[in-house]
Amino acid sequence: MSEASAETTATSARRVRPARKLTGVVSVPGDKSISHRALMLAAVARGESRIRNLAPGADVASTQHVLGQLGVRFRQDGENLVVSGVGRDGFGGVEAPLDCGNSGTTIRLLAGLLAGTARSYTLTGDESLRSRPMNRIAAPLHQMGVGIEMAEGGRPPLIVRGGHARPLDLRMDVASAQVKSAVLLAALSAEGMTHIHEPMPSRDHTEIMLAQMGAPIRTEQVVEQVEPADPRRRGTRRTDERRITLLGPVDLEGGELSVPGDFSTAAYFVAAGLLVRRSDLRIPGIGANSTRTGLLAVLSTMGARFTWHHRKTVCGEPVGDLHVEATSLSARKVSGKLIPRLIDELPLLAVLATQADGTTVIRDAAELRHKESDRIELVADNLRRMGARVGTLEDGLAIEGPTPLSGADITSAGDHRIAMTLAVAALIADGETEIDDADCVRISCPGFFDMLDALR
Ligand code: S3P
């Protein structure tokens, strides 16, 4: 090994010591999901948009970089990023591949956004992204008249040819915000009504921001007829299904876009605050959208208590300050419609479950196998190294608790959420934990380890 690579390895591994208590105020960076959308929608809007609190991580930088390649201009004005929109068919031609880095949201949403431009683009990414399946967005976009070619096994690079998008009536069998969003972005340049039926609610940031920017979009919860027990009553029941309708084509209006703190990043501090004894943390200005805060819903039923302060709505998104104190937890089963509301927090829930009384079972989460890594196997393997009792299922995990954890060598596989999840476990372990390739936290929260240390 050369000296240079030895140094790289040494600097990107990170040792995490156990913590006695964590106290203070945690200021988490802007929401990654919402930041991708803010950049993309501002790019195809008319006029300028000002984005406040854009997420600082590498994934959002990938989106900004690709939009720059497509001819979108950005300028920093104090705290705000100003985006000069090019309109819905205003992207320039680009010969070079558009490099989406590690970001699944960038490549999938961009494939929909490019539907408005009658040119051909190649979309690619790093090794992890090039191993992720794209069929689920390719199929509906193809039905909308967008040309999509994929490499073997339905993986990137993708070649996308837009210019002739048609509206679509899509019935999704798996709730996925990325698929829904790709279709909605393509529908912006399709003439007519696009309908999307999702089996259960997934994050709705695209719908909220489209409405903020003037799009005629509507979301309804589907009700079904039932035989009423009492014939004098109306026989309807709310289902989990949602129907989203967008009438295209749409010219979005640029404007002020404010990004709340990232709930998914806050979640690591929520978990740390619950697990490390005598902790007391305040996390101000974070997204409180219920399609994202499923972790709090689950933890509340496991015995945790949270207090929200200063709840308000900013640019259509619920926001608030969260207060967390250490608590003891009891196990539960997590499945069904809860899953999309905490999909990115499920590995973290597994860590919490190692300290809960009883067996926590997570089902209906096969999606986790197709994220930046196979998060089911990776979190289970790492937690077992720390002494936890964890079983894997095809679509989830079973965790027995409470079990004392001990420091171990952790493999992050370059997955930012695995690195942060195991860093939380390390706080309550006996002895030090070493996380390899810990620098991968730059994907969503570059300052993560310093933020954690500041609370000790
Ligand atoms: C995201 C949606 C989710 C999530 C991902 C971000 C988004 O993926 O896991 O981290 O920003 O739309 P799926 O839509 O594939 O569930």
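Pro-249 is placed in the loop between β13 (236-248) and β14, where helices (H or I, at least four residues) and strands (E, at least two) are DSSP runs numbered from the N terminus. The peptide bond that leads from Gly-248 into Pro-249 is cis, with omega near 0°. The structure is a predicted model, in which local features need pLDDT of at least 70 and side-chain atom pairs count only at pLDDT 80 or more, while totals for chains, interfaces and linings use all residues. Residues are numbered from 1 along each chain as its sequence is written, and side-chain values use heavy atoms, with hydrogens and water left out.

A cis peptide bond also joins Gly-401 and Pro-402, with omega about -5°. Pro-402 sits in the loop between β21 (396-401) and β22 (409-410). Asn-53, a residue other than glycine, has a positive phi, near 65°. Its place is in the loop between β3 (48-52) and α3 (58-69).

Pockets and cavities were searched on a 1 Å grid over the protein atoms alone: a cavity is a set of points where a 1.4 Å probe fits but cannot get out, a pocket is an open set with protein on both sides within 12 Å along at least five of seven lines, and lining residues have an atom within 4 Å of a point. Grid points are joined across faces, edges and corners, and a volume is the space filled by probe spheres set on the points.

The largest pocket has a volume of about 740 Å³. Its lining comprises 41 residues, and Ser-176, Gln-178, Ile-343, Glu-367 and Lys-371 lie nearest the centre. Two or more lining residues come from each of α2 (32-44), α4 (104-113), α5 (135-143) and α6 (177-187). Of the elements, α2 gives the most to this lining, with four residues. By class, the lining of the largest pocket holds 12 nonpolar, 12 polar and 17 charged residues; Ala, Val, Leu, Ile, Met, Phe, Trp, Tyr, Cys and Pro count as nonpolar, Asp, Glu, Lys and Arg as charged, and the others, Gly among them, as polar. At least three residues of the lining are drawn from each of domain 1 (7-30 + 260-453) and domain 2 (32-258), with domain bounds taken from an automatic or database domain assignment.

The second largest pocket has a volume of about 310 Å³. It is lined by 14 residues, of which Ala-19, Leu-275, Val-276, Arg-277 and Ile-428 are the closest to its centre. This lining divides into nine nonpolar, two polar and three charged residues.

A backbone N or O atom of Ala-177 is 2.9 Å from an oxygen atom of the ligand. A polar backbone atom of Gln-178 likewise lies 2.9 Å from a ligand oxygen atom. For Lys-371, a polar side-chain atom is placed 2.7 Å from an oxygen atom of the ligand. On its own the ligand has 380 Å² of accessible area, and the protein covers 92% of this; accessible areas come from the Shrake-Rupley method with a 1.4 Å probe.

Three cavities of 30 Å³ or more were found in a search of the whole structure. The largest cavity has a volume of about 60 Å³ and is lined by Ile-34, His-205, Ile-208, Met-209, Leu-257, Ser-258, Cys-315 and Glu-317. The lining of the largest cavity has five nonpolar, two polar and one charged residues. The second largest cavity holds about 50 Å³ of space. Its lining consists of Val-44, Arg-88, Leu-113, Gly-116, Leu-185, Leu-188 and Ser-189, with four nonpolar, two polar and one charged residues.

Note on methods
Polar contact = N/O pair within 3.5 Å; in protein donor to acceptor, adjacent residues only side chain to side chain.
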